[in-house]
Amino acid sequence: MSTHILAIESSCDETAAALFVDHRLLSERVASQGVHQSYGGVVPELASRAHLTHIVPVVDQVLKEGSFSRSQLTHIAFTQGPGLMGALLVGTCFAQGLALALELPLIPVHHIKAHLFANYITAPYPKLPFLGLVVSGGHTQLVWVERYDKVTLLGETLDDAAGEAFDKIAKLLGFPYPGGAHIDRHAQEGDAETFSFPITRLPKLNFSFSGIKTAVLYFLRKEEKKNANFVEKHLHDLCASVQHAIVTMLIEKVGQAIEETGSQQLVVGGGVAANSELKKRLYALTQEKGCELFIPPIHHCQDNAAMIGITAYHQLQQGIQPIKGAYQEPMARMTF
Ligand code: KG4
Ligand code: ZN
């Protein structure tokens with residue numbers, strides 16, 4: 001019998017739903033929250049309130065677009081964590097309320113694993129096991145994935161995530177939140193060799209991105225004292241130089257991880273995977289190492305519910321039992 005999964009994602013500032021028939025994506029919607037822009041970052045309380053407003057229309061739209069009625073659903077999947085507690089609570093409670101009302105089993109999904117399983121939405125698909133790199137606004141992690149329930153953490157950032165570094169530096173350069181994509185766009189017209197920012201090299205497979213943020217802050221303060229229009233005058237070169245440093249820190253550790261694991265596949269996920277220099281250099285690196293590279297299209301790199309739905313489908317395929325009738329707590333922090 002085929003599965004009809006409704007998936008819900010609400011871990012941060014996107015309210016999203018998707019509808020799957022087995023592994024086939026029928027429809028999906030993401031409602032983004034513009035409300036955070038003027039604050040320069042996600043305000044957790046505002047995120048929860050916006051999820052409450054968006055969740056019913058978003059779910060109704062995917063059912064309508066997929067020409068599906070609620071009675072045809074067989075499973076409800078939702079993001080259990082990690083994420084913002086108030087934001088997760090909205091999706092978790094909505095999913096569980098719907099599952100109770102429709103008497104359907106629930107599939108809780110780990111958000112970080114889902115960023116990697118997003119690579120199973122469209123072919124070609126990676127084969128398990130694989131080396132995974134998650135680069136988002138909240139996470140920078142290297143993992144070894146054998147199954148959904150057998151994921152080993154190889155290394156991670158010990159302070160800021162790569163996306164957080166992009167966003168905080170973007171704010172210093174005057175871009176609205178989230179600024180990662182703005183840096184990427186302006187970097188394309190700049191010269192990465194104009195300014196030299198520090199490359200932090202930690203032992204093992206760990207990352208650190210707080211140093212570059214502080215270095216850029218002090219550098220701009222010093223230069224702006226001499227010339228108030230410094231940022232405006234050098235915007236493209238600043239973006240290219242910052243991007244080059246962040247991407248170099250990622251690439252070095254990914255290269256080391258490929259060597260240490262001997263992996264023949266690199267599977268990437270998370271919003272920063274949309275970065276054009278990162279994509280280019282990951283492609284060159286994997287070519288050089290004889291490794292196959294998997295990166296989802298941009299809309300499936302960023303937070304979305306299709307990645308939750310496909311991960312739920314793979315959980316069922318791997319024999320992981322869905323849950324019936326028992327309350328599943330949202331988890332702001334969640335290990336593998
Ligand atoms: O995965 P995601 O949508 O949300 C989280 O789970 O965090 O990732 C959002 C992050 C933000 O930090 C955003 O600035 C960054 O991804 N981002 C980019 C680009 N597009 C999105 N960073 C660098 N270059 C981009 N093109
Ligand atoms: Zn995410």
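**Entry 1: Leu238 and the cores**

I began with Leu238 and asked what surrounds it once its neighbours within four places in sequence are left aside; the residues in contact with Leu238 are then Leu173, Phe195, Phe197, Phe219, Leu220, Phe230 and Val231. I note here that I am working on a predicted model.

I next looked up the largest nonpolar core, which has 48 residues, and found Leu238 among those with the most contacts inside it, together with Val135, Leu173, Phe197 and Ile246. Two or more residues of this core come from each of strands E6 (130-135), E7 (140-147) and E9 (265-269), and likewise from each of helices H4 (162-172), H5 (180-187), H6, H7 and H8 (276-289). Helix H7 gives the largest share, 16 residues. I also recorded a second, separate core of 32 residues, with Ala7, Ala16, Ile121 and Met307 included in it.

**Entry 2: aromatic rings**

I counted the aromatic pairs next, and the structure holds 8 of them. Phe117 and Tyr120 make a tilted pair, with 5.4 Å centre to centre and 35 degrees between the planes. Both of these residues are buried, Phe117 having a relative accessible area of 1% and Tyr120 having 7%.

Two contacts of Leu238, Phe219 and Phe230, also pair with each other, this time edge-to-face, at 5.7 Å centre to centre and 75 degrees between the planes. Because Phe219 lies in helix H6 (residues 210-226) and Phe230 in helix H7 (residues 230-261), I read this pair as tying together parts that are 11 residues apart in sequence. Phe219 and Phe230 are both buried.

Returning to Phe117 and Tyr120, I found that they form one aromatic cluster with Tyr125 and Tyr148. Over the ring of Tyr148 sits the charged end of Lys113, 4.3 Å from the ring centre.

**Entry 3: the sheet**

I then traced the open sheet, in which 5 strands follow the order E8-E7-E6-E9-E10 with mixed pairing. Strand E8 (150-156) and strand E10 (292-294) stand at the edges with a single partner strand each, so one side of each has no neighbour in the sheet. From one strand to the next I noted an average twist of 25 degrees.

Definitions and conventions: Residues are numbered from 1 along each chain as its sequence is written. Chains are lettered from A and ligands numbered from 1 in the order in which they are written. This is a predicted model: local features need pLDDT of at least 70, side-chain atom pairs count only at pLDDT 80 or more; totals for chains, interfaces and linings use all residues. Side-chain values use heavy atoms; hydrogens and water are left out. Rings of Phe, Tyr and Trp (its six-membered ring) pair if their centres lie within 6.5 Å; planes under 30 degrees apart count as stacked, over 60 as edge-to-face and the rest as tilted. Buried means under 20% relative accessible area, exposed over 50%, partly exposed in between (1.4 Å probe, protein chains only). Helices (H or I, at least four residues) and strands (E, at least two) are DSSP runs, numbered from the N terminus. A charge sits over a ring if NZ of Lys or CZ of Arg is within 6 Å of the ring centre and within 35 degrees of the ring normal. A nonpolar core is a set of buried Ala, Val, Leu, Ile, Met, Phe, Trp, Tyr and Cys residues joined through side-chain atoms within 4.5 Å. Contact means heavy atoms within 4.5 Å. Two strands pair if DSSP finds at least two bridges between them. Axes are lines fitted to C-alpha atoms, for helices over the stretch in contact, and angles run from 0 to 180 degrees between N-to-C directions.
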